[in-house]
Amino acid sequence: MTDREFLQARLKTLQSLTGTSAVLKGSGVSGLQNKLHAAWELEQRLLARILAEPGDLAQTISAWQTRTQAFIAKYPDREGWSDAQGHAWNASQVLALLTDVQQRLDALKQPDEFEEEGE
């Protein structure tokens, strides 16, 4: 599985988690549900943006990290920004997600720990 295929599969999973039929039922779940849903939506938007960029995913992720770090340095009193579609982006959450995405992609490149040496 390529990095792009992995991120496309993750995006599809996130789309099912944030879809209208993916609603937790029961008492006391609304706060947790709202937090999970917001985090999944942010990751979904970020992955969609990353996948929409042509070229190398590692370079795209690095560019997002650089721009987000530059935003934090320039606007230390602001939590984030809004894009042209009106979506809020929390800078620290974006950086955490980018780190998580990069770690997942790096893990894909690691040899299977159960592989026998010499095979």
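This dialogue discusses how to read several features of a predicted model.

Me: How many residues of the protein count as buried?

Reply: Of its 119 residues, 27% are counted as buried. The accessible surface is about 8,300 Å², and carbon and sulfur atoms account for 52% of that surface.

Me: Which residues of the largest nonpolar core touch the most other members?

Reply: The general idea is that nonpolar side chains tend to be buried together in soluble globular proteins. In this model the largest nonpolar core has 18 residues, and those touching the most other members are Leu7, Leu46, Ile50, Trp64 and Leu98. At least two residues of this core come from each of α1 (3-18), α2 (30-52), α3 (57-74) and α4 (91-109).

Me: What is Ile50 in contact with, leaving aside its neighbours within four places in sequence?

Reply: Ile50 contacts Leu7, Leu57, Thr60, Ile61, Trp64 and Leu98, once those neighbours are set aside. For the protein as a whole, consider contacts between residues at least 6 apart in sequence: 61% of them join residues at least 24 apart.

Me: How many aromatic pairs does a search of the whole structure find?

Reply: The search finds 4 aromatic pairs. One of them joins Trp81 and Trp89, with 6.3 Å from centre to centre and 5° between the planes. This pair counts as stacked because its planes are under 30 degrees apart. Ring pairs also link Trp64, Phe71, Tyr75, Trp81 and Trp89 into a cluster.

Me: Is Trp89 buried or exposed?

Reply: The relative accessible area of Trp89 is 2%, so Trp89 is buried, the cut-off being under 20%.

Me: Where is Glu43 placed, and is Glu43 buried or exposed?

Reply: Glu43 is in helix α2. Its relative accessibility is 5%, so Glu43 counts as buried. Not counting residues up to four places away in sequence, Glu43 touches Arg10, Leu14 and Leu97. The side chains of Glu43 and Arg10 make a polar contact of 2.9 Å.

Terms used:
Residues are numbered from 1 along each chain as its sequence is written. This is a predicted model: local features need pLDDT of at least 70, side-chain atom pairs count only at pLDDT 80 or more; totals for chains, interfaces and linings use all residues. Side-chain values use heavy atoms; hydrogens and water are left out. Rings of Phe, Tyr and Trp (its six-membered ring) pair if their centres lie within 6.5 Å; planes under 30 degrees apart count as stacked, over 60 as edge-to-face and the rest as tilted. Buried means under 20% relative accessible area, exposed over 50%, partly exposed in between (1.4 Å probe, protein chains only). A nonpolar core is a set of buried Ala, Val, Leu, Ile, Met, Phe, Trp, Tyr and Cys residues joined through side-chain atoms within 4.5 Å. Helices (H or I, at least four residues) and strands (E, at least two) are DSSP runs, numbered from the N terminus. Contact means heavy atoms within 4.5 Å. A polar contact is a pair of N or O atoms within 3.5 Å; within protein, one must be able to donate a hydrogen and the other to accept it, and residues adjacent in sequence count only if both atoms are side-chain atoms. Accessible areas come from the Shrake-Rupley method with a 1.4 Å probe; for residues, only the protein chains shown count as cover.
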